Amino acid sequence: MNTRLPSTRPIVLAFALSLFGLAPLQAVASTASDLRYLVNRPSADAARELQQRGYQDVYVEQSSERNWHNWWNADAQDCLVASEQNGRYVAFQPTLAGDCTSHLESASSSKAGLVVAAGAAALIGAIAIANHNKHKQQKEEHQRDEQYQRGYDDGLAGRYGHNDDHTDEYRNGFNDGLRERNDSGYARRDGHGSHRGHFVDVSDLAGARAASGESALQDRGFYNIDGQKGWHRSYTSWWNPSARECVQVVTRNGRYDQVNVVSPGACG
């Protein structure tokens, strides 16, 4: 295993910017799909192109068959993993910013001087703030989705008298569920997807092997509408048109790590 010391210029620049106030960092979509033209190019050529795009090679993990390079773009807050085999880059994969910044932090603390260390602390602090804000926003969105879902279920089941004491998201969900109940002549039945508007329980799929989980979702009336792969995990969205139910699945190490029913708009 081998590490490389990243260039100190981006870190010093970040420290200088911190003197005037760091602007909030924005999450930037990975450009891995834009780099497909570099696949099978000699490693030196691909590395030169990445550097021209503002990336720096912050970490490399070596094995007998291939090397894995972590490339970091501080301006775009973008981390890529490049797979190198036989002197060529054969694949690019987007991953979490922390997979790059953790190596930046380690290298800067052991090799850089006081000025560089202060700049690294400012950069890492800004990233931590951005990640905290992002996680907080995701948590709030998840809570709103849950409130909407509870309201929708109550409206769909005709459980009256509860929506006045809840949030706007709950009331919106309740009204949508009630409208669905009235429009479809809803009557609750047992079984999966046996009636239009009936929500399908998928909570038992958490922890299932990915292949088994996909088969179970298909048996329950779902079909896959979207998916993307991250580093160590993948994300898929499943839609059940009969139940008007959207399910988002996080797969990790070949198993369903999370299975969440979310707002139908997430599958729109």
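The report below covers confidence, a sheet, a helix and some backbone angles.

**Confidence.** This is a predicted model. The chain has a mean pLDDT of 76, and 71% of its residues reach 70 or more. Among the elements, α6 has the highest mean pLDDT, at 94, while helix α1 (residues 9-18) has the lowest, at 47. The pLDDT is below 50 over residues 10-30, a stretch with 26 contacts in the model beyond near neighbours in sequence. Residues 186-197 also have pLDDT below 50; beyond near neighbours in sequence, they make 28 contacts in the model.

**The sheet.** Four strands build an open, antiparallel sheet. Their order is β6-β7-β8-β9. The edges are β6 (223-229) and β9 (255-262). Each has a single partner strand, so one side of each lacks a neighbour in the sheet. From one strand to the next, the twist averages 20 degrees. Within the sheet, β7 (residues 233-240) pairs with β8 (residues 245-252) in the antiparallel sense over eight bridges. Ser237 stands opposite Gln248 in β8.

**The helix on the sheet.** Helix α6 (residues 210-219) packs on the sheet and touches β7, β8 and β9. Its direction makes about 30 degrees with that of β9. Which residues of α6 are buried? They are Ala210, Gly213, Ala216 and Leu217. Seen down the axis of α6, these buried residues fall within an arc of 125 degrees, so they line one face of the helix. An α-helix has 3.6 residues a turn, so residues three or four places apart point the same way. The cover over the buried residues of α6 includes β7, β8 and β9. On the other side of α6, Ala211 and Asp219 are exposed.

**Backbone angles.** Just after α6, Gly221 takes a positive phi of about 95 degrees. Most residues other than glycine have a negative phi.

Arg244 is in the loop between β7 and β8.

Conventions. Residues are numbered from 1 along each chain as its sequence is written. This is a predicted model: local features need pLDDT of at least 70, side-chain atom pairs count only at pLDDT 80 or more; totals for chains, interfaces and linings use all residues. Side-chain values use heavy atoms; hydrogens and water are left out. Two strands pair if DSSP finds at least two bridges between them. Helices (H or I, at least four residues) and strands (E, at least two) are DSSP runs, numbered from the N terminus. Axes are lines fitted to C-alpha atoms, for helices over the stretch in contact, and angles run from 0 to 180 degrees between N-to-C directions. Contact means heavy atoms within 4.5 Å. pLDDT is the predictor's confidence in each residue, from 0 to 100. Buried means under 20% relative accessible area, exposed over 50%, partly exposed in between (1.4 Å probe, protein chains only). The arc is that of the directions from the helix axis to the C-beta atoms.
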